[in-house]
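Have the sequence and the 3D view open as you read.

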Amino acid sequence: MKTAFLTGITGQDGAYLAKFLLEKGYHVVGLVPRRSTVDRWRLEYLNIADHVEYKDGDLLDVSSLTRALKACKPAEVYHLGAQSFVGSSWEQPILTAQVTGMGVLHVLEAIRETDPAIKMYQASSSELYGLIQEPQQSEQTPFYPRSPYAVSKLFGYWTTKNYRESFQMFSTNGILFNHESPLRGLEFVTRKVTHAVARIAANKQKELRLGNIQAKRDWGFAGDFVEAMWLMLQQDKPDDYVIATGKTSTVEEMCKIAFDYVGLNYLDYVVIDPELYRPAEVDILLGNPEKAKRELGWTPKTQLEKLIHMMVEADMQRVAKA
């Protein structure tokens, strides 16, 4: 039985990946920082909380990472842990740099000290492209990060690549475009919208305040994207891959899908709030997943409309129980 070690296991991607790996027959170990409480609601939502082993540790403490790796002896490490909300990175840029940027270096160092043969997946981000240099972004598109989060992710991307080339480690970057699910946090725009739609439909909320609804994103389903993470570590050689749907939609279009699902007109409820605009906006992201399709055999299965319907339905159930 292979052991996989996951940072960020209590997040959206960590929960879906843990479920995917358990179904593949892995022993799954998750890193959990010692806090006053550890929120495992996503793992409980997927009914896997009791099937995962947990190890205390912190991305800011490389010694704790090394001890965890020595204890569980994984074949694969999936580094998903980060301060992952772009908006918060403007308010906490130093913390974001330490956790999202330096955290990658700490994981790589822990692997190098423990067992350099361990395969490592690094969760990179489409935010690396920021002020886009090409209409559709591939592995060859130049990066232009536009937030402290994206700059931190850029450090993690190049550190991963550097350790691969310097120490011949199997370290790979998955440049994932936006991926959503019913397990997404409320601070992310898709879940903010679907949660609001559920509350408005239940007469518990009267409006939805948003910033730039003309921003375009390439949205996929997190449950589809975790398969690509796994496939990257099953290759003979490490490499970097864009994971995306290859389609882009505006926030406004996404809102319309969500409100239409409950028979409401989004124009009656969406309010534009200038305070919600970012200091440096990323207007459009559109990924080119051809390399992943060609080399990994991966293609997304869930269309945006189905994804948003799934999220609204889950939020309606939550609101009904509240």
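## A word on burial

A residue is called buried when its relative accessible area is under 20%. Tyr 157 comes out at 4%, so Tyr 157 is buried. Please keep in mind that this is a predicted model.

## Aromatic pairs

How many aromatic pairs does a search of the whole structure find? The search turns up 10 of them. In one of these pairs, the ring centres of Phe 143 and Tyr 157 are 5.0 Å apart and the planes meet at 80°, so the rings are arranged edge-to-face. Tyr 157 belongs to helix 6 (148-167), while Phe 143 sits in the loop between strand 5 (119-125) and that helix, so this pair ties together parts 14 residues apart in sequence.

Tyr 163 and Phe 167 make another pair: with centres 5.0 Å apart and planes at 65°, these rings are edge-to-face because the angle is over 60 degrees. Both residues lie in helix 6, 4 residues apart, or about one turn of the helix.

## Charges over rings

Which residue has its charged end over the ring of Trp 230? That is Lys 24, at 4.4 Å from the ring centre. Arg 184, in turn, lies over the face of Phe 188, 3.7 Å from the centre of the ring.

Key:
Residues are numbered from 1 along each chain as its sequence is written. This is a predicted model: local features need pLDDT of at least 70, side-chain atom pairs count only at pLDDT 80 or more; totals for chains, interfaces and linings use all residues. Side-chain values use heavy atoms; hydrogens and water are left out. Rings of Phe, Tyr and Trp (its six-membered ring) pair if their centres lie within 6.5 Å; planes under 30 degrees apart count as stacked, over 60 as edge-to-face and the rest as tilted. Helices (H or I, at least four residues) and strands (E, at least two) are DSSP runs, numbered from the N terminus. Buried means under 20% relative accessible area, exposed over 50%, partly exposed in between (1.4 Å probe, protein chains only). A charge sits over a ring if NZ of Lys or CZ of Arg is within 6 Å of the ring centre and within 35 degrees of the ring normal.
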